[in-house]
Every structure is written in structure tokens, then in C-alpha cells.
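Trainee: I would like to learn how to read this model. Please start with the chain contacts.

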Amino acid sequence: MIELVSSSRCIGCDVCIRVCPKDVFDHGPGRIPVIARQEDCQTCFLCEAWCPADALFVAPQTTPAPAGSRYRDEEALAEDGLLGSYRRELGWGKGQAPGAGDDLSHVVIPLLH
Amino acid sequence: MSHEPAPITSAPADDQDTVLRTDVLVLGGGPAGTSAALAAAAAGAGVVLADKGWCGTSGAAASSGVGVWYVEPDAVAREEAKASREGLGGFLADHDWMDGVLDETYSRVGWLAERGYPFPVKEGGRQARGSLQGPELMRRLRREVVRARAKILDHSPVLELLQDDDGMVTGATGVHRQTGRSWTVHAGAVVVATGGCAFLSGGLGCDVLTGDGHLAAAEVGAELSGMEFSNAYAIAPAHSSVTKTAFYGRASFRYADGTIIEGAGSARGRSVIARTLLEQPVYAVLDGWAPEHHAWLRRSQPNFFLAFDRAGIDPFVDAFEVTMRLEGTVRGTGGLRIVDAECATTVPGLYAAGDAATRELICGGFTGGGSHNSAWALSSGTWAGRGAARHAVADPATGRTGRPAGTVGLGPVASAGTGGPTAREVVQAVQDQVQPYDINLFRTGDGLAHARGVLDGLWSEVRGGLAPADGARGAVRIREAAAMVAHARWMYEAAARRTETRGMHKRQDFPEQDPAQRHRLVVGGLDTPWVRVSPLAGESPAAPRPESALGAAGGGTAAVAA
């Protein structure tokens with residue numbers, strides 16, 4: 001579930017409010033979006049993929065993280081290289097080539113047969 | 001077509017509600033909906049596309065990596081492709097429709113390549129076009145829809161269709177959930193591409209898929225087919241939404257003490273996993289992959305590893321608990337019945353595409369993965385969009401204005417002081433009937449009868465009016481709850497009738513396939529669901545013949561320049 005909107009990284013572009021297919025975010029004070037309906041989050045990671053500032057973090061669990069969880073600790077997440085990690089995997093970061101070009105499914109899937 | 005696209009015009013409205021008039025309205029903006037919008041626009045129609053979420057991230061494909069049923073136009077390869085799942089599907093698919101989808105998919109995927117989709121390059125320099133990464137695909141399809149000058153209404157769930165006195169569908173109405181305002185689009189034809197229904201079961205990208213389009217279509221008289229094939233479940237780490245099953249093809253499944261569960265597997269052994277899960281937890285390790293494969297898997301499906309990397313699990317070494325999440329008619333094959341090569345429904349002016357439409361024509365009663373579904377989305381979307389455009393141009397929208405045709409789950413109508421259950425309570429109650437493996441996966445006549453009784457009661461509650469909920473978002477939740485009850489009732493109406501085991505429909509009390517039941521089941525109705533047998537011969541709609549002639553692309557996958 002979405003656990004973090006980093007106010008230090010957020011550039012107030014509202015992309016997450018627009019692109020979230022489950023309408024989880026609302027406008028917040030200082031143009032920083034707030035997680036208004038966390039229980040609706042479907043853990044699809046797409047807000048992270050679209051955030052141009054690597055300011056969001058979606059935890060892998062489908063239930064909310066407990067208070068004090070490292071999934072809400074911006075410094076720890078940054079240290080672990082997790083902020084923006086999905087965007088990098090997709091090759092959607094600045095100056096990157098789309099990761100779809102590296103898809104090896106045509107090699108992997110035949111190994112299943 | 002010499003028709004001038006009808007300009008998308010706004011009519012005066014109160015409170016800045018949106019009122020538009022156009023040729024073709026597409027409901028849903030996944031691969032099917034965007035394909036429909038593009039085909040309709042290419043045929044000269046004005047197009048509005050309304051998505052419940054955001055066209056580009058909404059739907060089952062957007063967050064996934066998905067295979068696509070892309071087969072070179074080689075007679076032997078095509079025959080093998082068609083034969084590969086025929087038995088699994090219970091011999092209910094139609095060879096002409098499979099040919100049509102293989103041709104159209106080949107053409108559509110070729111078009112994606114032309115438009116710059118970055119397909120990986122194989123040894124020898126040819127592109128590998130059998131796999132699509134959802135985020136990349138949908139980002140590009142949205143861009144194409146914008147470029148085609150279709151108007152996109154995001155965060156605009158449909159609530160009900162419009163229908164005129166002749167029974168013609170003339171548009172739809174809904175709400176914009178971020179502003180609370182309503183929208184109405186009057187159109188010459190409507191394409192339902194709202195996806196399947198996964199009952200808010202938490203599968204990747206599937207919680208937007210609640211069967212809203214099926215309910216709206218049924219309210220104007222549309223029929224459904226194959227709804228007994230609605231019990232697809234996907235393996236996922238128990239903590240996670242990531243329902244991507246392919247890599248479990250080289251997993252071992254284990255009890256808590258680490259011993260192997262005999263017979264468990266991601267394909268035919270999935271029933272063994274489900275049976276074990278009824279009693280105790282199940283763990284998996286992807287230990288059948290050699291170390292040199294690990295990086296390949298990561299490059300192929302980066303989203304698959306988010307669930308592990310972020311939880312500190314090495315899935316190739318560590319045993320992790322798994323579950324099976326219901327994917328309903330998203331991966332199941334049931335949906336709106338289509339009656340011709342343009343994906344028309346039985347209702348004039350109404351077309352269906354993608355997972356919202358039945359996929360029995362190419363899959364029969366089983367889909368083992370996304371490849372057929374994505375191929376079907378791209379193909380049926382294209383055909384439905386083209387058909388809707390032709391219909392709209394022949395009978396322009398300007399002449400018709402219908403009335404909202406919805407009858408259930410619309411607005412808080414609970415009588416004062418009493419109040420029905422909340423939408424959340426109804427959803428939970430539906431889930432209790434459709435998610436348990438011992439009701440929906442391992443079906444019995446008694447189990448289905450009991451579930452149908454519960455669902456009939458829920459339908460009465462929904463009919464009577466649910467507890468009022470706040471604003472546009474509340475209105476959508478009530479409608480979703482109604483749609484899921486209706487969906488579950490159609491599923492079990494058909495499942496009760498099919499007294500055999502075929503495709504994914506497994507009757508414990510009728511474990512054999514019955515040659516006398518090699519037919520399709522058509523269902524419909526709201527207050528009193530009905531079911532009838534549809535023989536394969538005679539009632540199969542004529543298959544589409546794609547405009548793009550097979551082999552026109554020069555045969556084979558194009559080499560990548562430089």
C-alpha cells in the first residue's frame with residue numbers, strides 16, 4: 001500500500017492525484033498531496049512509476065504498515081535505494097531507455113515448457 | 001468513410017456538469033477501450049472515452065507484464081497455437097474467431113512496433129513481440145488516443161446507460177468522482193470495455209474491475225455468455241497483490257515444515273494448492289530456476305520482484321507464504337455476449353470488447369494466462385470501435401436522446417429510519433460467497449444452491465436500497481456493490497446449470513466432461529436471472545475478417561532498422 005509522500009521531494013505536480021486509478025490521493029496543504037483513502041490502494045505501484053520526483057513509496061503489503069514502520073521512514077527508504085526504484089526498473093527515469101526493451105520473456109517463458 | 005466526425009459538443013448544463021454529444025462513447029480505457037477509441041476515430045467518428053480511473057494506469061494490463069498471443073502468419077505455427085489450449089478450454093472455442101484474433105493481433109502488435117513500442121531485439125536482430133510491459137503499453141496507448149483527438153474523461157465511472165424508446169443505446173451517464181459533478185455523453189453508439197469482475201480481491205490492478213459495465217449493459221437487456229467460467233484464481237505471495245503466476249512454473253510448494261506438497265504446481269497443480277490452503281498455509285520457493293536465470297526474470301517482470309525485494313525476501317532461496325486470489329471474469333472467460341463480427345451485443349447501439357466481453361470464442365472455458373486476453377482486447381476493441389463508428393455514422397447521435405436506464409444501486413433510496421446495509425457490508429457478503437475455494441473453485445450443486453440463496457437475499461437488499469453514502473464516491477461504491485451481486489448471481493446461475501466439469505468450471509459432483517454439454521450457456525436478467533443453452537452450431541456469430549490482409553506486412557517479424 002501507498003505509505004509515503006515525501007514532502008521534501010514532492011514538487012507539487014499533482015501527477016499522483018491524476019494517475020492513481022483508485023483515486024487514493026487528495027490535494028493537501030502546501031501542494032503536497034495527502035493519502036486520503038489508503039484503504040482503497042490496490043498496491044499497483046503505478047503512482048511510483050509516474051512520480052517524476054521519486055517522492056512516493058508503495059510498500060509491498062496489501063494492508064497498512066504499522067506505526068513506526070520503516071516503510072514510512074523516508075531516510076531509511078532512501079538509504080536502501082528504494083525511493084524511485086520501480087521507476088528505474090521501468091527505465092522511466094530521466095535519460096533512461098524504457099526497460100521494456102530489455103524484456104527477456106522470449107527467453108524465460110520457453111524455459112517453462 | 002466520408003463522414004465528417006461529429007464535433008464533440010457541449011450542451012449547457014447546470015453546476016458545470018459535463019454534457020457532451022459525440023458519435024462513439026467508449027467506457028473503459030485499458031487495451032480494449034483504447035483500441036476501440038482508436039479504431040472509431042480512424043473510421044471517422046468523434047470519440048469520447050470515459051475511464052473509471054485514469055486511462056493509462058487503469059485496468060488489469062496497466063500494472064502487469066502480459067504475454068500476447070502473437071503468432072507469425074505461418075500455417076503450422078497458427079494451427080499449433082489454436083490447438084494448444086483447445087482441450088483445456090473444453091472445446092468451446094471457434095476456429096474462425098481464433099483465426100480472426102491471430103490476424104488482428106499480428107496487425108495491431110505490428111502497429112505498436114511502428115509507433116515505437118520498444119520491443120526487445122532477439123539474437124539475429126528481429127524483435128520479440130510476444131510480451132508487453134503494461135505500464136509502457138498503456139502510457140503509449142493513452143498518448144495515441146489523445147493524438148487521435150478522442151476526448152478522455154478520467155476518474156469518470158459510468159453509472160448507467162441511456163436508452164431511447166426504440167431500445168437503442170444512446171450514451172451513458174456517470175460521475176466525476178474527484179469533483180462530485182455528473183457527466184452525460186449522448187452518443188450514436190457505446191462500447192463497453194470496462195474489464196471483467198474480480199470482486200475487489202486484491203489482485204494486481206484488478207480492484208478497479210467490479211463489473212460495472214456488465215450491470216449497465218444488462219439493464220438495457222444485454223445477455224452474457226460463459227459466466228460459469230468465472231473462477232480463475234492466481235497465486236500471489238500472501239502479503240502481496242502481485243498475482244503474476246508464470247514464474248511459479250519452476251517453484252516448489254511446501255508445508256510449513258518445509259516438506260514438499262505432492263502434486264502442487266502453478267498450472268495443473270493449482271487445485272492441490274487450493275485444497276491445502278483450505279487446511280493450512282502453503283509456502284513456495286522459486287528454487288527451480290538456475291542462478292543464471294535470476295537476472296533474466298528480473299528484466300522480464302520487474303513488478304514481480306517488488307513484492308519480494310521490498311519485503312526482504314529472496315524468492316529463489318526463501319520460502320514465502322502464498323495465497324490464491326480470485327480473478328473472477330478478469331482471467332475467467334465469461335462476459336457480455338457478442339453476436340456479430342463487430343462485437344455488437346444483442347442491444348442496438350451497444351458493443352462489447354476486452355474482458356467485459358465473453359472470450360469463449362477464442363478460449364472456450366479456460367485461459368491459462370494473459371496472452372489470449374490481451375490479444376482479444378486489442379482485436380475485439382478494434383472491431384467494436386469500428387462497428388460502433390459505422391453504426392453511429394449510419395444513425396447519427398444528433399437524432400436521438402435516450403433516458404437513463406439504470407434501475408438498481410443508484411442513489412441512496414433507503415427509506416428514512418430503516419436504512420439498508422452499507423455498500424461495504426454487501427461487498428464483504430458477496431466476497432464470502434465467491435472467494436472461498438470450497439464454494440467457487442470446487443463447485444457442488446449444494447454449495448452453489450446455498451450461495452445462490454444468500455446472493456438472492458443480497459440482491460433484495462440492493463434493490464431495497466443501501467445505506468446512503470457520501471457524494472460521488474459513495475454513489476460509485478453503492479453501484480459497484482450492486483454490480484458485484486449481479487455478477488455473482490449470473491456466475492452461479494450458469495455454474496448450477498452446467499452439470500459437468502469443463503474448462504475451469506469444476507463440479508465435484510460431476511467430475512467428468514459430458515459430451516452432451518458441449519454448448520455455451522447464455523445468462524441474463526436482474527431480479528430473476530435466467531439461463532439458456534446456446535448450441536455451438538448455428539448460434540456462433542460469424543467471425544471477423546480483418547481489414548489488414550494476412551501477410552500484408554511482408555511476412556514475419558520486421559527486422560529492426562540499424
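Mentor: 42 residues of chain B are in contact with 33 residues of chain A, where contact means C-beta atoms, placed from the backbone, within 7 Å. This is a predicted model, in which local features need pLDDT of at least 70, side-chain atom pairs count only at pLDDT 80 or more, and totals for chains, interfaces and linings use all residues. Residues are numbered from 1 along each chain as its sequence is written, while chains are lettered from A and ligands numbered from 1 in the order in which they are written.

Trainee: What is the strand order in the open sheet of 4 strands?

Mentor: Strands of a sheet pair through backbone hydrogen bonds, either parallel or antiparallel. In chain B the order is β11-β14-β13-β12, with antiparallel pairing; two strands pair if DSSP finds at least two bridges between them. The edge strands, each pairing on one side only, are β11 (232-237) and β12 (252-254) of chain B. β11(B) pairs with β14 (residues 320-327) of chain B over 5 bridges, and Ala236(B) stands opposite Thr323(B) in β14(B).

Trainee: How should I read a positive phi?

Mentor: Most residues other than glycine have a negative phi. Phe91(B) has a positive phi near 55 degrees and lies in the loop between α2 (75-83) and α3 (95-114) of chain B. Phe199(B) has a positive phi of about 60 degrees, in the loop between β9 (182-192) and α5 (212-219) of chain B.

Trainee: Is Phe199(B) buried or exposed?

Mentor: A residue is buried if 20 or more other C-beta atoms lie within 10 Å of its own, exposed if 12 or fewer, and partly exposed in between. Phe199(B) counts as buried because it has 31 C-beta neighbours inside 10 Å. Phe91(B), with 15 other C-beta atoms within 10 Å, is therefore partly exposed.

Definitions and conventions. Helices (H or I, at least four residues) and strands (E, at least two) are DSSP runs, numbered from the N terminus. Two residues are in contact if their C-beta atoms, placed from the backbone, lie within 7 Å.
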